[in-house]
Amino acid sequence: MFSRAFSSEVQPVELARKLAKEMDAHKTAGIARVYVPNEYMVYLSKADRAKLEGYERSLEQELSGYLLEHARRRNYDLLTRPAVEFKTDERLRLGEFGIQTRLVKPPAHEGESPRQGEEGHTMVYSAVREAAPQADPQPAAVATRAVVGLDDRRYVLEGPRATIGRSKDADCVLRDPNVSRRHAELRQGGSGEWTIADLGSTNGVKVNGRRVSSTRLNPGDQVTLGTITFLFDIEQ
């Protein structure tokens, strides 16, 4: 509240100067903008208010335009065009007045756009809602191929599954009587790794000399099916 006593009645030019002073005094700094009040209540004595009879509304509009121009000159931002309204305060004497400022968000009813000041000076931005936490992304599948290396042959097998056995329908054919028709299966994982699983063979599966039913393979592992041993590798 700003109040000042004068020896005579309140003059409009003095009101304009003090309104601009109140705008300067109540600015709020944002990230990249400086906001100022957009609502101004001017309290007058009963005698001063009576002298405005007949042109009060016009004076309110004139003072509003003066504040709008002042905001433009100072590069202030307004949520709406400044509103000036006169009110009577019985406690004030002739020549005294009070100014009360407020920064008021404009109403936004359904179907109604927020009001703006002239020449795009008042933009109203909604608060950014915090984004919902995102699930951790799944690792992308890695394309690899299994390599079965024998003394005289080299099989490059695509995933996700490849059978090894004596059958001509196997992906990797081992022509040995100690190898079952469908002896084992190579299986590719999502990150490009490979495992080998025994398919119920007669003579079983060994990896680096140890019998297994299913295990993960690493490049350089020696895999034995029956009496045949091959060198396992992975090709990117």
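Which backbone nitrogen does the side chain of Asp-48 reach? The side chain of Asp-48 reaches the backbone nitrogen of Val-10, at 3.1 Å. The model is predicted, so local features need pLDDT of at least 70 and side-chain atom pairs count only at pLDDT 80 or more, while totals for chains, interfaces and linings use all residues. Residues are numbered from 1 along each chain as its sequence is written, and side-chain values use heavy atoms, with hydrogens and water left out.

The protein has three helices and 17 strands. Both are DSSP runs numbered from the N terminus: helices are H or I with at least four residues, strands are E with at least two. Of the 236 residues, 40% count as buried. Buried means under 20% relative accessible area, exposed means over 50%, and partly exposed lies in between (1.4 Å probe, protein chains only). The accessible surface comes to about 14700 Å². Carbon and sulfur atoms hold 47% of that surface. These areas come from the Shrake-Rupley method with a 1.4 Å probe; for residues, only the protein chains shown count as cover. Among contacts with a separation of 6 or more, 57% involve residues 24 or more positions apart. A contact means heavy atoms within 4.5 Å.

Asp-48 lies in helix H2, residues 46-51. Asp-48 is buried but has no salt bridge. The nearest side chain of opposite charge is Lys-51, 6.4 Å away. Lys and Arg count as positive here, Asp and Glu as negative; His and the chain ends are not counted. A salt bridge requires a side-chain nitrogen of Lys or Arg within 4 Å of a carboxyl oxygen of Asp or Glu. Neighbours within four places in sequence aside, Asp-48 is in contact with Glu-9, Val-10, Arg-93, Leu-94, Gly-95 and Glu-96.

Side chains of opposite charge can pair when their charged atoms come close. A search of the whole structure finds 16 salt bridges. One of them joins Arg-145 and Glu-235, with an N to O distance of 2.4 Å. Arg-145 lies in strand S7 (residues 145-149) and Glu-235 in strand S17 (residues 228-235), so this pair ties together parts 90 residues apart in sequence. Arg-145 is partly exposed, at 28% relative accessibility. Glu-235 is also partly exposed, at 21%.

Glu-235 forms a salt bridge with Arg-154 as well, at 3.4 Å, N to O. Arg-154 belongs to strand S8 (residues 154-157) and Glu-235 to strand S17, so the pair ties together parts 81 residues apart in sequence. Arg-154 counts as exposed, at 54% relative accessibility.

A salt bridge also connects Arg-161 and Glu-185, at 2.9 Å, N to O. This pair links distant parts of the chain, 24 residues apart: Arg-161 is in strand S9 (residues 161-165) and Glu-185 in strand S11 (residues 184-188). Glu-185 is buried, at 9% relative accessibility. Elsewhere, salt bridges with shared partners join Arg-145, Arg-154, Glu-158 and Glu-235 into one network.

Val-148 is found in strand S7. Its relative accessibility is 0%, so Val-148 counts as buried. Residues up to four places away in sequence aside, Val-148 touches Arg-153, Arg-154, Tyr-155, Leu-157, Ile-164, Cys-172, Leu-186, Phe-230 and Leu-231. Val-148 and Gln-222 are 74 residues apart in sequence. Their C-alpha atoms are 9.8 Å apart in space.

Terms used. A polar contact is a pair of N or O atoms within 3.5 Å; within protein, one must be able to donate a hydrogen and the other to accept it, and residues adjacent in sequence count only if both atoms are side-chain atoms.
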